[in-house]
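We will go stop by stop.

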Amino acid sequence: MLLDIVLRRLGESSLTGNATDLLLAALEDDESLLAQLGGQATQQPADESAHPHAVPTPAGAYLRSLTVSGFRGIGKPATLTLAPSPGLTLIVGRNGSGKSSFAEALEVLLTGDLKRWEKLSAVWHQGWRSMHYPDQAEISAELLVEGAGRVMAQRTWSANARFTESSASAQIAGGKRAGLERLE
């Protein structure tokens, strides 16, 4: 994924071939970087489409807010608001402040599953609801999507529903509510 981003940005940059080769070698491994620095490396493909990892550029999407209730350590509705912009966003806080709950909530909202739980016992799968707010479980996000504008995505569970029994939807501003596949 990082390589794809770098390749896309290299295609938009005015770096010389030598600088590009050096950057790509640094992404490979120490041996490639040392060989490139010593002038012993072979040249990288001249254009992005010749690279085996090249992928089409997806539309940009930025998370504006994430609201979670009744999920993991979050009971009453809590909202994480972000400034949508390119780059890396870090969420920092003390242990137990909800960072992981928000991160996992976003994964669940968009995929309906949690990769981290695949190797954990069934007890983890049963304890996904907040014990402080067990009757309502909902995750929603406001996204800004290039070419579409404001998009609201939501995943909800009825009272007593199991983790796998959720309903999910997305709604582009001014449009009708549809399934999350609309975000693809």
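How many aromatic pairs does the count come to? The answer is 4 aromatic pairs in this predicted model.

**Stop 1: the rings**

Select Trp128 and Trp157 and show their side chains. They form a tilted aromatic pair, with 4.8 Å centre to centre and 45° between the planes. Now look at where they sit in the sequence. Trp128 is in the loop between helix H5 (122-126) and strand E3, while Trp157 is in strand E4. Trp128 and Trp157 are both buried.

Phe163 counts as buried because its relative accessibility is 9%. For Trp157 the value is 5%, so Trp157 counts as buried too.

Ring pairs link Trp117, Trp128, Trp157 and Phe163 into a cluster.

**Stop 2: around Trp157**

Stay on Trp157 and show what touches it. Leave aside its neighbours within four places in sequence. Its contacts then include Val108, Ala137, Ile139, Arg162 and Ser166. Trp128 and Phe163, from the ring stop, are among its contacts as well.

**Stop 3: the core**

Which residues have the most contacts inside the largest nonpolar core? Select Val68, Phe71, Ile139 and Trp157: they are the ones. This core has 26 residues. Colour strand E1 (61-69), helix H4 (99-111), strand E3 (137-145) and strand E4 (149-157). Each of these elements supplies at least two residues of the core. E3 gives the most, with 5 residues.

**Stop 4: helix H4**

Select H4. It has 13 residues. From first C-alpha to last it reaches 19 Å, close to the 18 Å expected at 1.5 Å a residue. Show the side chains of Ser101, Phe102, Glu104, Ala105, Val108 and Leu109. In H4, these residues are buried. What covers them? The cover includes E1, strand E2 (78-81), E3 and E4. Now step just past the end of the helix. Gly112 takes a positive phi of about 80° there.

**Stop 5: Ser65**

Move to strand E1, where Ser65 lies. Is Ser65 buried or exposed? Its relative accessibility is 14%, so it counts as buried. Again leave aside neighbours within four places in sequence. Ser65 is then in contact with Thr79, Leu80, Thr81, Ser140, Ala141 and Glu142.

**Stop 6: the whole chain**

Zoom out. The chain has 5 helices and 5 strands. Read along the sequence, they follow the pattern α-α-α-β-β-α-α-β-β-β. Of the 184 residues, 29% are buried. Take the contacts between residues at least 6 apart in sequence: 47% of them join residues at least 24 apart. The chain exposes about 12100 Å², and carbon and sulfur atoms supply 53% of it.

**Stop 7: confidence**

Finish by colouring by pLDDT. The chain's mean is 82, and 87% of its residues reach 70 or more. Then select residues 43-49. Here pLDDT stays under 50. The model has 13 contacts beyond four places in sequence for this stretch. Where pLDDT is low, the predicted coordinates should not be read in detail.

Methods. Residues are numbered from 1 along each chain as its sequence is written. Side-chain values use heavy atoms; hydrogens and water are left out. A nonpolar core is a set of buried Ala, Val, Leu, Ile, Met, Phe, Trp, Tyr and Cys residues joined through side-chain atoms within 4.5 Å. Buried means under 20% relative accessible area, exposed over 50%, partly exposed in between (1.4 Å probe, protein chains only). Helices (H or I, at least four residues) and strands (E, at least two) are DSSP runs, numbered from the N terminus. Contact means heavy atoms within 4.5 Å. Accessible areas come from the Shrake-Rupley method with a 1.4 Å probe; for residues, only the protein chains shown count as cover. The expected span of a helix is 1.5 Å times one less than its number of residues. pLDDT is the predictor's confidence in each residue, from 0 to 100. Rings of Phe, Tyr and Trp (its six-membered ring) pair if their centres lie within 6.5 Å; planes under 30 degrees apart count as stacked, over 60 as edge-to-face and the rest as tilted.
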